[in-house]
Amino acid sequence: MSKSYRHGQILKLIRSRNVRTQEELARELTQAGIPATQVTLSRDIRELRLVKTQEGYREMLAEEGGPSFETLAAEFLQDVRAAQNLVVLRTAPGHANSVAVALDSEDWPEIVGTIAGDDTILVIAPDTATADQLRRKLVEIIEKA
């Protein structure tokens, strides 16, 4: 099954009904015979520029910049922890993907990549020292809110 086919099916789903969570999206795709893992869906959601709204996922128009990471972090980021070169961010339920997409768009050099679930974001840093610096930076953003 090609990525473009899976992307098309995801868009078809979110255009036809309110898909509120990544788990719901995975369930709908699996019922349609399309394999869907958290990692694959996180990447697909980012590549398709989907944003999570109160009504569910929707497409973000090219001209829409979307909310900044600082705005989303202030509203939804709850906790930040580091372990070796990994940083784990906890968000309000259902908001990890939107926060991860905004974080990815920041293009911070200390971030190698992110993987988002429903309320958890795994951030990969190049090394332990960088992960700890990133954790402190993110904690400062939470404390400002």
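A salt bridge here is a side-chain nitrogen of Lys or Arg within 4 Å of a carboxyl oxygen of Asp or Glu. The side chains of R90 and D119 meet that rule, with N to O at 3.5 Å. R90 sits in strand β4 (residues 86-91) and D119 in the loop between β5 (113-116) and β6 (120-124), so the pair ties together parts that are 29 residues apart in sequence.

This is a predicted model, in which local features need pLDDT of at least 70, side-chain atom pairs count only at pLDDT 80 or more, and totals for chains, interfaces and linings use all residues. Residues are numbered from 1 along each chain as its sequence is written, and side-chain values use heavy atoms, with hydrogens and water left out.

**Overall build**

The protein chain has 6 helices and 6 strands. Both are DSSP runs, numbered from the N terminus: helices are H or I with at least four residues, strands are E with at least two. The order from the N terminus is α-α-α-β-β-α-β-β-α-β-β-α. The radius of gyration is 15 Å, close to the 15 Å that the globule rule gives for 145 residues, so the chain is as compact as a globular protein of that length. That radius is taken over C-alpha atoms, and the globule rule is 2.2 Å times the number of residues to the power 0.38. Along its principal axes, the C-alpha trace spans about 45 × 25 × 25 Å.

Of the 145 residues, 43% count as buried. Buried means under 20% relative accessible area, exposed over 50%, and partly exposed in between (1.4 Å probe, protein chains only). Contact means heavy atoms within 4.5 Å. Among contacts with a separation of 6 or more, 59% come from residues 24 or more positions apart.

**Salt bridges**

The count comes to 11 salt bridges.

| Pair | Distance |
|---|---|
| K3 and E47 | 3.3 Å |
| D104 and R46 | 3.4 Å |
| R90 and D119 | 3.5 Å |

K3 lies in helix α1 (residues 3-16) and E47 in helix α3, so this pair ties together parts that are 44 residues apart in sequence. K3 is partly exposed at 40% relative accessible area. E47 is partly exposed at 39%.

Helix α3 also supplies R46. Its partner D104 lies in helix α5 (residues 96-106), so the pair ties together parts that are 58 residues apart in sequence. D104 is partly exposed at 25% relative accessibility, and R46 is partly exposed at 31%.

D119 is partly exposed at 22%. Elsewhere, D132, R135 and R136 are linked in a network of salt bridges.

**Packing of α2 on α3**

Two packed helices are described by the angle between their axes and the distance between the axes. Helix α2 (residues 22-31) packs with helix α3 (residues 38-47) at about 105°, their axes 11 Å apart. That makes α2 roughly perpendicular to α3, a label for angles of 65 to 115 degrees; under 35 is roughly parallel, over 145 roughly antiparallel, and the rest oblique. Axes are lines fitted to C-alpha atoms, for helices over the stretch in contact, with angles from 0 to 180 degrees between N-to-C directions.

Helix α2 contributes Q22, E23, L25, A26 and L29 to the contact, and α3 contributes Q38, L41, S42 and I45. By class, the contact has 5 nonpolar, 3 polar and 1 charged residues. Ala, Val, Leu, Ile, Met, Phe, Trp, Tyr, Cys and Pro count as nonpolar, Asp, Glu, Lys and Arg as charged, and the others, Gly among them, as polar.
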